[in-house]
Amino acid sequence: MSNGFRALVAVLLLFLLAPLIVVLLTSFSNDAYLAFPPVKWGFGGYRALLANAAFRRGFGVSVTLASLVTAISLGCGTAAAYAIARFTFPGRGALLTVFTAPLLLPGIILGLGLLLVFARLGWLATWTGLTIAHCLVTLPYAIRVVLTALRGIDATLEEAASTLGAPPWRVFRRVTLPLMLPGMIAAAALCFLASFDEVVISLFLVGPRLTTLPIEVFHAIEYQADPQISALSVVLITLTAGLVIVVERSLGLVRAFAR
Amino acid sequence: MRRSLPALLLAPAGAITFVAFLLPMGWLARLSLGRAAGGVLIDEVGLTNYVRFFSDRFYLGVLWRSVWVASSVAALAVLAAYPIALFLFRSRSRWRPLLAVLTIAPLLVSSVVRTFGWMIILGDHGWINGLLQAAGVIAAPVHLMNNVWGVLIGLTEILMPTTTLALLSGFARLDVAQEEAARSLGAPPWRCFLRITLPLTMPGIVVGALVTFVLAISSFVTPSLLGGGRVPLLASTIYEEALETLDWPFAAAVAVVLVMVFGLALVGYERLARRWQ
């Protein structure tokens, strides 16, 4: 590969990472609004962030919601993936298609559909509504990642355990579960991230009573760009990086996405 | 017990999928045939909303703009992601894993955060205008945001990691040995690229362009923040009709139109894919 080609790749990567680099740099600006070049440097953005009640409340809602959604989708998703991987029944393939179909449709359409139904059920701006809506997005991830993990397990190990007299539940607990655990950890991290970052569907379902952090940020930057939001973004990126490391350690990031 | 176990395991996921997916999508399709008058839903079956959409020049403009913005973004993202994908595919360098992570990691950062980064770069008082003014190239700010340019630049960057993955998934047929054979037989680099590399990576380019088009035409956050409300697209029309005008049946009809554009893109892909197999 020539040096010219390497330079081109470097420039394109710089373009790809530009917004993240800029956010990182401006988070240490002490200016009232974000202009170039920044005049004063400091931690003013981070201090303002800590004092912002709306962001603190939104952060609490988002973390609670993402934890709830991760637990539910990991439970339901693992059960469904196990049934699809280890049992034969008619319509198995079709069922998997239906389960993962929400990933194919745009969030704006899913959000509108949920708004129409949840308005009738009285679930707008409620924990029930937001939890179920987020599970719609995270469940396909959970099912797919756990299914991939299950399919990667050598079936002879399970057969050996049952031949040696282990009852089915013990085969599951002592052989299958430990082997699919890395897949489940990766699935949990992905679900948490997907729920925590979800914007479009939530936009249709939140209200003044209950709002998530990404929605607070979305409405804040519609009007004003200040260092506080850069600081918040850096906090969010750090959180993401932590979860990415969890996925990478347990499964391999590229593998988790390429399937 | 043994017979009913699969059903029992599938029930919770099935219930969520039914309540949050099948029911809403069915309802949306049904409601798109209804009508709203003065904030009241009138339960009828007709094509009123579709007739309104396809006979109004404003909405036809929205449809046309959405298609060409998404097509341009697909083309730009494939152009920008292709060298990166090629590098990741071929490189044996020890930096490769790091570069792979750097390419894919932005995918996991919230699109609101990444769009915010672009607002800082592209704004009237942003980094590009600041640099150009400091260098004395321009006197007044160039408007790079709150218009279609901002949407094109931002969406291209936001979708690039996905485009790169899609390209890589279609590079399976690319064989470094064939490129080396062409080189050793005396083909100059550009001819080697045009005759060997490009045809062999065409399946990846087709997949990459389709995936990017589909994601671009359905994205809402980036176009609405970088377009500043001045670039009406299908997704932003759905949002406004649903939450500002409160005309739910019409919003549902626009959503169905968006799904139809999806379907057409998939049919086009099938045809192209068959040609390149």
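1. A residue is called buried here if 20 or more other C-beta atoms lie within 10 Å of its own, exposed if 12 or fewer, and partly exposed in between, with C-beta atoms placed from the backbone. Helices (H or I, at least four residues) and strands (E, at least two) are DSSP runs, numbered from the N terminus. Just after α7(A), Gly165(A) has a positive phi of about 105°.

2. The model is predicted: local features need pLDDT of at least 70 and side-chain atom pairs count only at pLDDT 80 or more, while totals for chains, interfaces and linings use all residues. Residues are numbered from 1 along each chain as its sequence is written, and chains are lettered from A and ligands numbered from 1 in the order in which they are written.

3. Chain A has twelve helices and zero strands. Its C-alpha atoms fill a box of roughly 75 × 60 × 30 Å along the principal axes. Of its 259 residues, 46% count as buried. Two residues are in contact if their C-beta atoms, placed from the backbone, lie within 7 Å. Among contacts in chain A between residues at least 6 apart in sequence, 77% link residues at least 24 apart.

4. Chain B contains twelve helices and two strands. Its elements run α-β-β-α-α-α-α-α-α-α-α-α-α-α from the N terminus on. The C-alpha trace of chain B spans about 75 × 70 × 35 Å along its principal axes, and 44% of its 277 residues are buried. For contacts in chain B between residues at least 6 apart in sequence, 73% join residues at least 24 apart.

5. How many residues does each chain bring to the contact between them? Chain B supplies 66 residues and chain A supplies 66 residues. On the side of chain B that touches chain A, helix α1 (residues 5–31) of chain B gives the most, with 16 residues. That side of chain B divides into 52 nonpolar, eleven polar and three charged residues. In this classification Ala, Val, Leu, Ile, Met, Phe, Trp, Tyr, Cys and Pro count as nonpolar, Asp, Glu, Lys and Arg as charged, and the others, Gly among them, as polar.

6. One crossing between the chains pairs helix α5 (residues 107–121) of chain A with α1(B): their axes come within 8 Å and cross at roughly 90°. Axes are lines fitted to C-alpha atoms, for helices over the stretch in contact, and angles run from 0 to 180 degrees between N-to-C directions. Angles under 35 degrees count as roughly parallel, over 145 as roughly antiparallel, 65 to 115 as roughly perpendicular and the rest as oblique; α5(A) and α1(B) are therefore roughly perpendicular. Residues of α5(A) in this contact include Leu112(A) and Val117(A), and those of α1(B) include Trp27(B) and Leu28(B). By class, the contact has eleven nonpolar, one polar and no charged residues.

7. Helix α1 (residues 3–26) of chain A and α3(B) have axes that come within 9 Å and cross at roughly 120°, which makes α1(A) oblique to α3(B). Phe5(A), Leu8(A), Val9(A), Leu12(A), Leu13(A) and Phe15(A) of α1(A) make the contact with Ala80(B), Pro83(B), Ile84(B) and Phe87(B) of α3(B). The residues of this contact are ten nonpolar, no polar and no charged.

8. A nonpolar core is a set of buried Ala, Val, Leu, Ile, Met, Phe, Trp, Tyr and Cys residues joined through C-beta atoms within 7 Å. In the largest such core, of 160 residues, Ala80(A), Leu112(A) and Ala187(A) touch the most other members. The largest share of this core, 16 residues, comes from α3(B). Not counting residues up to four places away in sequence, Ala187(A) touches Leu74(A), Gly77(A), Tyr141(A), Ala142(A), Val145(A) and Val146(A).

9. Val73(B) lies in helix α3 (residues 57–90) of chain B. Is Val73(B) buried or exposed? Val73(B) is buried, because 30 other C-beta atoms lie within 10 Å. Beyond its neighbours within four places in sequence, its contacts include Leu152(B), Leu159(B) and Ala216(B).

10. Phi of Ala125(A) is positive, near 55°; Ala125(A) sits in the loop between α5 and α6 (127–151) of chain A and is partly exposed, with 15 other C-beta atoms within 10 Å. Phi of Asn146(B) is positive as well, near 60°. Asn146(B) is in the loop between α6 (127–134) and α7 (148–169) of chain B, and with 19 C-beta neighbours inside 10 Å it counts as partly exposed.
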